[in-house]
Protein chains: 2
Amino acid sequence: MPRPRQPLLDRRRIVDAARAVIDAEGLTALSTRRLAAELGVQGPSLYNHFATKGEILDAVADSVTATVDTSAFGTLDWPAALRHWAHSYRRALAAHPHIVPYLVQGPGRRPAALAMADAVYGGLIRAGWPPARATHIGAALRYFVAGSALGSFARGFSDDPDLYVDHPHLHQAHRLAGHQRSVDEGAFVLGLDALLHGLAAEYDRTVGPARQAAEG
Amino acid sequence: MPRPRQPLLDRRRIVDAARAVIDAEGLTALSTRRLAAELGVQGPSLYNHFATKGEILDAVADSVTATVDTSAFGTLDWPAALRHWAHSYRRALAAHPHIVPYLVQGPGRRPAALAMADAVYGGLIRAGWPPARATHIGAALRYFVAGSALGSFARGFSDDPDLYVDHPHLHQAHRLAGHQRSVDEGAFVLGLDALLHGLAAEYDRTVGPARQAAEG
DNA sequence: GCCCTTAAACTAGCGGTGTAAGTTTTCCGG
DNA sequence: CCGGAAAACTTACACCGCTAGTTTAAGGGC
């Protein structure tokens, strides 16, 4: 087939199909030939629209990041905004868990990831956090959210009871897989609340007085 | 070459060589042929000792997990033990960052990972945490540690200043890569302290009174 | 209205991957 | 002492990401 009258592919269609394959069958299921077949086309044709497979994955990752809501940094105080963002961030990743290992390598050159980093960092700076501290907080929250979305804690445990006979405290571990959602979400909420509680204490200890002094 | 007088391979030698390749050149550099070459042998010979490449990676992952120190759960109170364990855990992962994406899929059937989970969970149970809460705490800490070791936050940002011209708060982001260690460790310590601070507050609110009532 | 560049599909093929199958020889237990 | 398991080998398959070169169509400049 030579050049068609109407293009068969465009970046949007390729990214959507790639995300669908990844969601349905995992990162390793996405090969260029497989993706092309999904689009009714031969493998190398994709290279008319993306230079490498990595660029396709970048685009998929950014399409997920783009659904994260950072608007709270413009309307709420910093702890509430962090909470709102963290929940939205986790929801976005949990909706596409298979891309997370790729996504968490960092923002790189992905526009939506950079925009998100900018919004979070800017929100913390406006709240009075010193720049180094704001960086640390953004990183710590990203650590926690990424870790929580990376792989289900509960699903990491086999449902085979025999595995746990040698471990006195893990007798019930085979039941974790069955309660995946409640375990993972419970752990996330507990950890997020604890983190924010601790950060609020740190704020009161270090930033609050400085602000009062500056304003008074 | 037929069967040699003395075996050329054993699981230990294979795992050590695999870990060395991964540490030096990353997960993707580890192919069966490459690993075999490192051991002076042909690719398929590895399958006399491991059923699949995944089993080799499991063994590498577990050899890393085995270096994590959980002894503090036998000697210190629960917050100090969690802190000690989290630092040891992070050190172990940071020493072999390339295997982390594989490792964080969960303990699966890896003995050292199961032993670690058992020690942490048991320590929290002995401290009086309700079982569901102990599970959540272990998961939350694992989320945070895994996220912090998975990929450097700082290295996730390009050192190309032009990338950040459209993002008003990220003007200094190109300098993150140069301060990788201090940024990543600062974020880890801040987050861990905040997490433990929040958990201690939760303990005082829910477990402490119950214990007093039971003991009084 | 032609012409030239660019675009977008194709086919063929390279070097690499994990691993299955079958061969050869050596070691060890009955 | 001899038969089977063990541990190396070679060969081969289907797949991978990607390059090169081909063909035809689209779109802008004269």
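1. For the classes used in this note, Ala, Val, Leu, Ile, Met, Phe, Trp, Tyr, Cys and Pro count as nonpolar, Asp, Glu, Lys and Arg as charged, and the others, Gly among them, as polar. On that basis, the surface near DNA strand D comprises 11 nonpolar, 8 polar and 6 charged residues. The model under discussion is predicted.

2. The surroundings of DNA strand D consist of 25 residues. The closest of them are A:Pro2, A:Arg3, A:Ser31, A:Lys53 and B:Leu8. Two elements of chain A, helix 2 (32-38) and helix 3 (53-65), are those that give two or more residues to this surface. Helix 2 of chain A gives the most, with 3 residues.

3. Chain A is superposed on chain B by a rotation of 180° with 0.0 Å of shift along the axis, and the RMSD is 0.1 Å. This is the relation of a two-fold axis.

4. Between the chains, 50 residues of chain A are in contact with 50 residues of chain B. On the side of chain A that touches chain B, helix 6 (111-126), helix 7 (131-150) and helix 8 (180-215) of chain A each supply at least two residues. Helix 8 of chain A gives the most to that side, with 13 residues. By class, the side of chain A that touches chain B has 27 nonpolar, 17 polar and 6 charged residues.

5. Which surface does each copy use to meet the other? The copies meet through the same surface, because 100% of the interface residues of chain A are also interface residues in chain B.

Conventions
Residues numbered from 1 in each chain as written. Chains lettered and ligands numbered in written order. Predicted model: local features only at pLDDT ≥ 70, side-chain atom pairs only at ≥ 80, totals over all residues. Least-squares fit on C-alpha atoms with pLDDT ≥ 70 in both. Contact = placed C-beta atoms within 7 Å. Helix = DSSP H or I, 4+ residues; strand = E, 2+ residues; numbered from the N terminus. Near = placed C-beta within 6 Å.
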